[in-house]
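Me: I have a multi-chain model on the screen. Can we go through its packing and contacts step by step?

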Amino acid sequence: MSVNLISRLAKRNIFRNARRTVLTICLVACGLAALLFTDAFVRGMTTTMIKISTETFLGDAQIHQQGFREANDIDIYIEDTKALLSQLDNIPTIKAYSPRTLSGGMLASSENIAAALIYGIDADKEAELSKLKQAMKRGRYLSESGSSDESSGNKRTSNEILIGNDLAELLEVDLGDRIVVTLSQAHGGELSQELFRVSGIFHFNDRQMDKSMAFIHLAQGKSMLGIKGVHEVALRLQHTEQADDKSLDLWKTLNNTNLETLNWRELIPQLSSVLNMSSYSTLIASIIMFVLVALGLINSMFMSIYERHNEFGILLAIGTRPKQLFWQILLEGFFIGLLSLLVGLILGALLSYWKSVSGIDYSGSEMSGISLNEPIYLVINYLAFAKISLSVLVITVLSCIYPAIHAARLQPSFAMRKAL
Amino acid sequence: MLVIKLALRNILRNRRRSILTILSMGSGYILLSFMLAMSEGSYNNIIDIFTRDHTGHVQIHQGNYLQRPSLYKTIDNVDSLMADLEKHRLVTAVAPRIYGPSLAYGKNKTFPANVIGIDPLLEAETTYLKDKVKQGSYLSSSMTRNGYFPAMIGKALAINLHLNIGDELILISQGIDGSIANDVYEIVAIVGGSESYERMNVYLSLDAIRQFLSMGNQVHELAVSLTHQSDARSFANQLAMEWSQSNDAKSELSIDPWQVVEYAFFNSMQADKQGNYISMGILIFIVSIGVLNTVLMGILERTREFGVLKAIGTRPFAVFRLIMLESFFLAIASCLFGFIFALPANYWLTHVGITFPEPIDMGGILFESMLGEITLFSMGLPALVVIGSTLLVSLIPGIRAARISPLQALQAT
Amino acid sequence: MRKFFHSTAIFIILLLPSAPSLSSEEAIILLKKIDELYRSDNSISTMKMSIVTPNWQRTLAMQSWTIGMDDTFIRILSPKKDRGVATLKKGREMWNYFPKINKVIKVPPSMMMGSWMGSDFTNDDLVREVSLVKEYHVEKEDMGDKHRLILIPKEDTVTVWARIEILVQKESLLPVEQSYFNEKGEKVRSMYFSDIREFSGKKLPSKMSMIPHNKKDHKTVIEYVELEFDITMDNDIFTLRNLQKRFN
């Protein structure tokens with residue numbers, strides 16, 4: 001019999017017992033939808049966590065002077081900043097960069113004192129790279145760094161300092177209050193003290209940052225530390241994924257005897273491991289799902305075959321070759337799979353889409369040192385969806401092999417015996 | 001009883017169908033129990049490792065030391081307190097600690113350091129500190145050969161101060177009586193990595209730090225380790241109630257389970273667990289559909305049979321009862337079957353586990369493999385699910401079969 | 001802009017008939033006198049410092065040498081536990097010596113804002129003994145038998161205080177109370193001067209009590225037992241070598 005006939009028969013047989021077919025499709029479709037949803041969820045979580053880490057303050061990559069990262073020694077800094085920055089301007093992969101000085105110091109108010117990490121930043125450049133500007137809750141962000149020299153006109157802006165709300169609480173200060181910053185100068189450690197006024201209070205929703213970071217103008221940072229260079233240049237690339245592409249030229253140009261450029265994975269390896277674990281557990285979930293679907297399917301096919309024992313018996317008796325019966329059953333499974341695929345795909349895609357817009361809120365918890373202060377938006381990856389759907393289809397067809405073989409090997413006389 | 005005999009015979013009549021059904025439901029059971037064991041186990045495993053890192057299961061402090069630490073908030077009369085605690089049947093070890101943030105001075109650099117006074121032996125029983133000694137030898141309460149008190153320092157501190165085993169470490173702080181605390185110690189070990197919890201810590205013996213800070217029989221913290229971390233909450237509550245009744249200083253003490261001490265970690269565990277429950281819910285749902293499919297088919301297929309039964313006078317309720325019993329026996333059989341296979345699988349998971357290709361860092365501690373745990377829950381719940389869903393699913397077809405008219409039934413194909 | 005506003009304000013205030021403030025010049029002279037009260041070209045002194053906190057109380061006996069406002073050397077005489085601990089300040093740098101471990105440690109910024117030897121004075125207080133005259137604008141007010149000096153930090157002055165007020169006895173021209181205010185106008189801490197005695201021909205309050213208002217039950221009292229001015233002093237005193245010299 002031709003393929004055409006077999007396939008027509010297969011299609012018709014499926015709908016003979018609509019209820020069973022529907023239930024089977026339901027089973028497979030739900031399994032598929034669950035897998036698609038999980039995949040989108042894990043991708044969403046990964047993307048969100050990466051986004052939170054790199055966009056909040058870290059950047060996709062950072063450049064330091066070789067040796068700086070070992071102990072954050074303020075004596076080890078990038079000296080020829082101008083040359084480096086103009087070099088960065090000419091690399092198209094780099095979307096934005098922000099030079100920073102970084103040192104520990106003490107902040108003193110009239111009520112209290114506290115230790116903090118003091119960052120000297122270029123207001124404009126930093127706003128392009130990190131979320132500091134958006135995190136301002138009270139007061140203002142640092143004013144534009146048009147002229148960062150110490151002419152009297154800019155005196156008022158150059159003593160601006162931004163602190164987190166937890167730190168402001170600890171020091172019992174508010175906007176406009178005095179803060180004396182004390183830190184050790186580089187190369188010698190003589191004390192440097194300057195008066196600042198709280199010009200803005202930020203809230204990152206990350207206890208570490210809100211409690212122990214303070215930001216001043218880059219020029220101030222440099223002059224207080226007595227250095228002409230910077231400790232760190234944070235980079236934002238055109239696409240965050242590019243940070244993982246180690247074949248890009250920029251890694252070679254920016255890594256030499258003086259400079260060390262690392263991407264976010266190398267800067268915070270803990271995050272990387274958690275993300276790996278998530279993809280691992282997704283794999284396990286998929287396998288379990290496949291097994292369940294396969295079993296349910298085999299069961300269902302057998303049911304359908306039993307029901308039609310009589311019919312198969314007759315078919316075989318009138319000369320249908322076993323192989324044809326085999327293919328017929330297989331095709332039935334295939335069509336069921338196809339239909340389930342459709343339903344499952346639509347269901348899964350809809351659910352994922354819904355959550356990709358509304359997101360899942362995990363706020364309050366912290367994983368790998370990253371506060372999940374943004375909701376997780378699911379990410380639909382069409383390729384992954386296609387792969388998963390096809391796998392389910394394949395499993396469906398594979399599960400039909402055993403029942404199909406059974407049907408093909410039926411003895412007509414046995415099959416036609418009507419069981420009550 | 002006749003019904004039971006009939007039910008059993010019906011099941012055995014169509015071997016293949018019954019076996020397939022049992023196989024299908026049984027696999028659902030196995031998978032479910034496996035997943036439960038894995039999630040229970042991995043959580044408990046992670047919590048265990050985390051709490052043994054340095055927290056302990058329950059911590060005791062003076063007043064609100066946990067929220068606002070201060071050198072002066074001490075637990076006095078420590079020895080008698082510890083003796084009391086150690087007698088408790090749930091307590092496996094108690095580690096006392098003194099915290100004195102100080103300035104550490106190495107060859108010619110200064111750095112702030114967290115100086116912690118410990119009882120080396122008790123600490124080793126309560127936490128993994130001893131296993132974290134990367135270089136040198138673990139702390140002891142006696143002096144070194146050169147007549148100094150020994151000290152262990154964290155990796156980052158060692159790097160920052162350019163210090164090594166055998167070097168002198170100078171600590172400066174303020175004593176509890178206001179005096180200027182200053183002393184020299186000999187470094188005998190470097191603990192942990194540059195990212196771990198210990199990295200800015202200095203560990204001294206209790207005697208050494210008491211001398212340093214001019215303290216007496218006092219400590220800041222008692223870390224208690226219990227037989228099982230899940231007892232933490234109830235133990236803490238019970239102890240708090242007991243001690244708040246007493247008339248002495250004990251009533252001023254705060255007793256917190258690890259869930260409170262490390263609430264950020266606890267929150268993320270809970271969030272993760274919730275996510276897991278959702279996936280398990282989906283799994284259960286799918287298993288139920290499979291059961292539905294199977295049972296429904298079985299019943300519908302025998303419509304003619306039921307028609308004949310009714311035609312010869314079987315009461316509707318009897319038909320219903322028969323169907324339910326068959327389903328019930330099938331479910332039980334599936335669970336038994338599942339149990340036989342699930343047990344060794346879970347056993348393997350518990351003792352060998354799945355090793356990660358790369359160790360995972362959670363809250364500063366590395367996990368290398370995922371272990372399972374066999375509990376009543378992990379073995380019992382799947383049985384409940386299978387049996388429950390089977391019975392549920394059999395209700396409607398059972399009722400329908402009971403009410404069918406013999407004529408209609410016999411006309412069905 | 002601010003200076004302009006400031007001088008306008010003063011001009012207006014000066015014009016107001018009922019304003020009790022006298023010319024700033026007098027205020028400046030008075031402030032200068034107070035600045036130099038305990039200073040001279042050099043001085044040697046013995047003093048007691050009593051520190052009271054909610055958790056402990058101590059009294060330190062110390063000996064101190066100073067030259068101008070830049071160099072200071074302090075050595076602790078008692079209690080026995082801390083005997084021999086010494087502090088050297090040269091310019092804006094500070095070192096501590098601990099005899100028990102025979103080490104000299106340079107005071108890092110993390111310690112600068114911390115208290116000196118547990119008292120209510122910070123290391124910074126010691127290091128930044130500033131010239132009030134140089135760093136503050138000063139106004140004088142009449143308060144009956146006392147003058148009140150109101151000090152507002154100049155624009156370049158690095159300090160956490162928004163205002164300092166000094167009450168001076170008119171008769172003796174000696175300070176009675178020095179208070180420190182924050183931006184909100186709250187008095188955060190006060191220093192009380194008392195027990196006037198004569199030292200080397202000068203009449204000075206021998207007791208200074210520093211009381212913080214934002215912390216309960218804290219007090220530091222410094223009492224000069226001996227104080228001599230303008231004695232020939234060896235410059236070698238203000239060296240690290242002297243700091244480390246064994247003292248019994």
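The questions below take helix packing, then domains, then a chain contact.

Reply: This is a predicted model: local features need pLDDT of at least 70, side-chain atom pairs count only at pLDDT 80 or more, and totals for chains, interfaces and linings use all residues. Residues are numbered from 1 along each chain as its sequence is written, and chains are lettered from A and ligands numbered from 1 in the order in which they are written.

Me: How are helix 14 of chain A and helix 16 of chain A oriented to each other?
Reply: Helix 14 spans residues 322–358 of chain A and helix 16 spans residues 401–408. Helices are DSSP runs of H or I, at least four residues, and strands are E runs of at least two, numbered from the N terminus. The two axes come within 8 Å and cross at roughly 150°; axes are lines fitted to C-alpha atoms over the stretch in contact, with angles from 0 to 180 degrees between N-to-C directions. Angles under 35 degrees count as roughly parallel, over 145 as roughly antiparallel, 65 to 115 as roughly perpendicular and the rest as oblique, so helix 14 of chain A is to helix 16 of chain A roughly antiparallel.

Me: How many nonpolar residues are in the contact of helix 14 of chain A with helix 16 of chain A?
Reply: Helix 14 of chain A brings residues including A:Phe326 and A:Ile329, and helix 16 of chain A brings A:Pro403 among them. Contact needs C-beta atoms, placed from the backbone, within 7 Å. Ala, Val, Leu, Ile, Met, Phe, Trp, Tyr, Cys and Pro count as nonpolar, Asp, Glu, Lys and Arg as charged, and the others, Gly among them, as polar. The contact of helix 14 with helix 16 has no polar residues, one charged, and nonpolar: 10.

Me: How are helix 1 of chain B and helix 11 of chain B set to each other?
Reply: Helix 1 (residues 2–13) and helix 11 (residues 316–351) of chain B have axes 9 Å apart. They pack at an angle of about 60°. Helix 1 of chain B and helix 11 of chain B are therefore oblique.

Me: How far apart are the C-alpha centres of domain 1 of chain B and domain 2 of chain B?
Reply: Domain 1 covers 2–51 + 265–411 and domain 2 covers 70–219 of chain B. These bounds come from an automatic or database domain assignment. The C-alpha centres of the two domains lie apart by 54 Å.

Me: Which element gives the largest share of the side of chain C that touches chain A?
Reply: The contact takes 16 residues from chain C and 20 from chain A. On the side of chain C, the largest share is three residues, from helix 3 (residues 109–112) of chain C.

Technical notes. Contact = placed C-beta atoms within 7 Å.
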